[in-house]
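This report describes a few local features of one structure. Please look at the sequence and the model first.

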Amino acid sequence: MNQTVIIGGGIAGLATAFYLRECGLVNYTLVEQSPHWGGKITSAQQNGFLVEGGPDSFLAQKKIALELCHRLGLDDQLVGSNRGKNSTTYVWSAGRLHPMPEGMMLMAPTMVLPFLRSRLISWPGKLRMGMEMFVPRLPGDQDESLAGFVRRRLGAEVLNKIAGPLMGGIHAADPEMLSLKSTFPMFLEMEKKHGSLVRGMMKRPKRSAAHGSSPPPMFVSLRGGLQQLADALVAELPAEALRNGCSVLSVSFRADRYKVALSDGTSIMADDVVFATPSYVTAGLVEQIDPRLASMLRAIRYVSTATVSLGFKRSDIQHPLQGAGFIVPRSEGRRITACSWSSEKFAHRAPDDSVLLRVFIGGALAEDLAEQDEPALVRLAREELQTIMGITATPVLAKAYRWHKANPQYDVGHSQRLFEIERCLAEFPRLHLAGAAYRGAGIPDCIQSGMNAARSIATERAHADAPYQHQHQHPPVCIGS
């Protein structure tokens with residue numbers, strides 16, 4: 001019977017195993033080096049607070065995560081992010097928090113008057129942004145950095161105060177290096193189709209609230225934390241197929257199969273191998289198979305980040321906390337990149353008499369700050385919140401998570417790099433890549449990559465088993481969607 005080995009027990013690896021079973025393929029082994037299933041998804045309950053160490057939600061617009069929750073019986077645990085005044089994002093600029101102009105879609109305004117009234121952008125900056133409709137589109141289909149695109153179309157001030165900290169912050173990236181084509185392609189498409197972001201926004205169909213219903217939330221989480229998703233996946237998988245606390249030492253090609261050597265001294269002979277590990281880890285594992293492929297995988301950069309969750313008594317906080325949190329432009333010289341007001345963003349994150357805040361540190365422009373130990377990270381977060389929000393109280397809860405080289409960077413040219421990886425990988429049958437490094441770093445993207453890997457394996461097995469049909473020597477490559 002054909003054997004599959006899945007390396008990496010994060011959400012992509014767990015999803016691969018789940019969808020293999022859904023395809024009727026049950027002979028697989030999922031290997032994870034740590035005792036923890038779920039990768040960066042980790043939730044902790046402490047003193048009535050719900051702390052998320054990694055992601056705290058996923059985009060509702062990408063339906064695959066919601067569909068997976070439904071299939072796992074988690075519908076009654078789904079919670080949407082708060083809307084209205086509690087969804088406002090602020091920007092720290094010139095010594096105060098400014099609300100993001102109403103109707104901003106990432107970096108582009110959908111409403112003119114709120115943007116004109118905003119004190120966040122200066123009048124010269126507003127005039128420069130108003131000239132966007134007259135900026136010619138770039139010819140061809142070349143990749144461009146987020147910074148280059150925004151500076152060219154909307155001006156330096158919008159890049160500095162909105163697009164850089166908001167869109168770059170989503171990927172913990174340097175806007176000067178972040179590929180717009182691989183992260184926010186809708187803006188390139190808008191430029192190509194309408195010649196202008198402002199014109200494109202004006203032509204977007206207006207959403208009408210049917211029968212007075214409110215629009216669906218943009219972000220969705222789980223009542224008990226996103227760890228529920230990983231735990232539910234593990235519960236659906238056969239225990240004998242799961243091996244955590246065990247590392248993969250190497251993968252080598254042996255007589256049309258792959259030998260997967262494990263740290264406990266055993267090995268598994270596999271027909272298919274799915275690498276759901278960071279690309280630099282995958283590079284080390286495929287070095288024996290093809291140094292060229294390993295080199296290409298190592299070329300995908302990773303950066304370090306940290307999160308610090310702080311719980312306070314509500315009576316100790318003078319700030320009204322009417323919003324989802326704030327972002328901090330690099331030019332402001334602060335040591336944090338953003339702060340999420342977790343208990344305002346989602347219900348059930350703190351006791352009724354308390355609030356929970358989550359501070360983001362590090363990323364491509366300040367990795368060294370994220371590498372500090374927990375006491376230093378907590379101290380840094382408290383000092384920054386005192387300056388920005390006036391919080392002097394001692395927290396009743398403080399918990400930091402460090403994520404060393406955990407955030408893949410989609411640099412300019414990322415799509416071309418993926419094309420070259422796919423072309424190289426096609427020379428080796430039945431190897432598959434899944435996870436955050438390739439075609440989307442969010443939870444839905446990682447789930448999709450796992451589904452695609454499983455379906456690719458199932459398709460090849462079906463072709464191999466079909467009578468009177470030639471077996472493909474080089475099966476299709478799977479790297480997300």
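At roughly what angle do the axes of helix α1 and helix α10 cross? The model is predicted, so to speak of local features pLDDT of at least 70 is needed, side-chain atom pairs count only at pLDDT 80 or more, and totals for chains, interfaces and linings use all residues. Residues are numbered from 1 along each chain as its sequence is written, and side-chain values use heavy atoms, leaving out hydrogens and water.

The axes of α1 (residues 11-22) and α10 (residues 227-236) cross at roughly 35° and come within 10 Å. Axes are lines fitted to C-alpha atoms, for helices over the stretch in contact, with angles from 0 to 180 degrees between N-to-C directions. Helices (H or I, at least four residues) and strands (E, at least two) are DSSP runs, numbered from the N terminus. Contact means heavy atoms within 4.5 Å.

| Helix | Residues in the contact |
|---|---|
| α1 | I11, L14, A15, F18 and R21 |
| α10 | L229, A230, L233, V234 and E236 |

In helix α11 (residues 279-286), S279, T282, A283, L285 and V286 are buried, meaning under 20% relative accessible area with a 1.4 Å probe, protein chains only. These residues lie on the same side of α11 because they cover an arc of only 165° around the axis. The arc is that of the directions from the helix axis to the C-beta atoms. Among the elements they pack against are β1 (4-7), β13 (248-254) and α12 (291-298).

β13 also belongs to an open sheet of 3 strands, in the order β13-β14-β15 with antiparallel pairing. Strands pair if DSSP finds at least two bridges between them. β13 and β15 (267-270) each have a single partner strand, so one side of each lacks a neighbour in the sheet. β13 is joined to β14 (residues 257-262) by 6 bridges, and S250 stands opposite A261 in β14.

Technical notes: Buried means under 20% relative accessible area, exposed over 50%, partly exposed in between (1.4 Å probe, protein chains only).
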